[in-house]
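Please open the model in your viewer and keep a selection tool at hand. The tour below moves from one selection to the next and says what can be found at each stop.

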Amino acid sequence: MSNINEKLQQLKDQGVYRVLPVNEGPCEAIIRLNGKDVINLSSNNYLGFANHPRLKEAAKNAIDTYGVGAGAVRTIVGNMDIHEVLDQTIARFKHEEAALVFQSGFACNAGVIQAITDQGDLIISDELNHASIIDGVRLSKADRAVFKHSDMADLERVLKEKRDQYNEVLIITDGVFSMDGDIAKLPEIVKLAKTYRAMTYVDDAHGSGVLGRSGRGTVDHFGLHGQVDFIIGTLSKAIGVVGGYVCGTKVTRDWLLHRGRPLLFSTAMMPSAAAAIIEAFHMLEESTEYTDLLWDNAKYFKKELIKRGFDIGHSETPITPIMIGDEAKTVAFSRELLNQGVYVSGIVFPTVPKGKGRIRCMVSALHTKDMLDRAVSIIDDVAKRMKL
Ligand SMILES: *Cc1c(COP(=O)(O)O)cnc(C)c1O
């Protein structure tokens, strides 16, 4: 084990070794972190569903009906009626032909990409795509190419150079990029895909429950229903529970039931999770109040930061980075904010490029204006004191 120990020591020497903070209660706008109440600007619980009474009630009832475990993988006997209802609920909500739920967004990317591509195919991926896409691509037998972040000229260059050498081509992008909060140029990507006969794959983990009508996602935001081949979403962020899904055609779903490896080799989602998620989608179908509140808060928070001269990059969503640059300063800023009662994570290399350190503020529907005011004022005070 000395080898691993040395690597850990290197992390410590570089100042990037970390101890996990411990949240002693539910994921709320104010959390008790390491024994101290702080404003939580770090969770993906965009709509406040993670501790919502309606979801909790649905989960408790499902435990009474189904127990706590599914008992097997979906393809053997773990496929309960509640999993089928969940798939149908998601397909209906997303206005897509079919949906299939996986145990997590990560598992979904790990399973779907390798199942829908093969030797002789090419995967073209945005350079800022999520780690689970990168790992998913690694599991595929297809060749891979990367295009510069949201650079359509660069994407077209790759397509022009390589299209004819391959059977199928799959273009993969995040719907909303998690470190900058910018939205993929989906209409242009779809257009290029049509021109060059490529398939499209959007991982909308940070777009689902956030963008589009009542959180129907990036595809809905751009009015592109029926034009994106594979739409991935997570049930762990805005939906507040756990899980991932792919939307597409019935043929896609059918194929993945046979070749989606996490589905074949890992036990089905807890039935109580499925029940809570179904309730969440009912709430989004009933009302836009949750997403309205989220956007209201996000716009307010960004406006207040910009007023005070902060650089929030090119964020277009509730993900609000504050650009700092220097790694050590970013880490020190985040640490001091926590001391002052605001928990916002510092993001540095290798998650973002060297010299592009930032703190990343995640606004949710749970925050009150008063909490946001307090957070902005603390951020402003600490930044001034640290001369950032
Ligand atoms: C968070 C995230 C995932 C992983 O989702 P989980 O459900 O938490 O596993 C996948 N893709 C993207 C783009 C993400 O941001």
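Helices (H or I, at least four residues) and strands (E, at least two) are DSSP runs that are numbered from the N terminus. This is a predicted model, in which local features need pLDDT of at least 70 and side-chain atom pairs count only at pLDDT 80 or more, while totals for chains, interfaces and linings use all residues. Residues are numbered from 1 along each chain as its sequence is written, and side-chain values use heavy atoms, with hydrogens and water left out.

Begin with the ligand and select the 14 residues that surround it (each with a heavy atom within 4 Å of it), of which the closest are G105, D203, T234, S236 and K237. Helix α5, residues 105-116, gives the largest share of this shell, three residues. Sorted by class, the shell has two nonpolar residues (Ala, Val, Leu, Ile, Met, Phe, Trp, Tyr, Cys and Pro), three charged ones (Asp, Glu, Lys and Arg) and nine polar ones (the others, Gly among them).

An N or O atom in the side chain of D203 is 2.6 Å from a nitrogen atom of the ligand, and a polar side-chain atom of H130 lies 3.4 Å from a ligand nitrogen atom. In T234, a polar side-chain atom lies 2.6 Å from an oxygen atom of the ligand. Taken alone, the ligand exposes 380 Å² (by the Shrake-Rupley method with a 1.4 Å probe), and the protein buries 86% of that.

Now select F49 and Y290, which form an aromatic pair (ring centres within 6.5 Å) that is edge-to-face (planes over 60 degrees apart), with 5.2 Å centre to centre and 75° between the planes. Because F49 lies in the loop between β2 (36-40) and α2 (53-66) and Y290 in helix α13 (residues 289-307), the pair ties together parts that are 241 residues apart in sequence. The structure holds three aromatic pairs.

Two backbone details complete the tour. Which residues does a cis peptide bond join? Select F349 and P350, which are joined by this bond with omega about 10°; P350 lies in the loop between β12 and β13. Finally, go to N34, a residue other than glycine whose phi has a positive value, near 50°, and which is placed in the loop between β1 (30-33) and β2.

Conventions. A polar contact is a pair of N or O atoms within 3.5 Å; within protein, one must be able to donate a hydrogen and the other to accept it, and residues adjacent in sequence count only if both atoms are side-chain atoms. Rings of Phe, Tyr and Trp (its six-membered ring) pair if their centres lie within 6.5 Å; planes under 30 degrees apart count as stacked, over 60 as edge-to-face and the rest as tilted.
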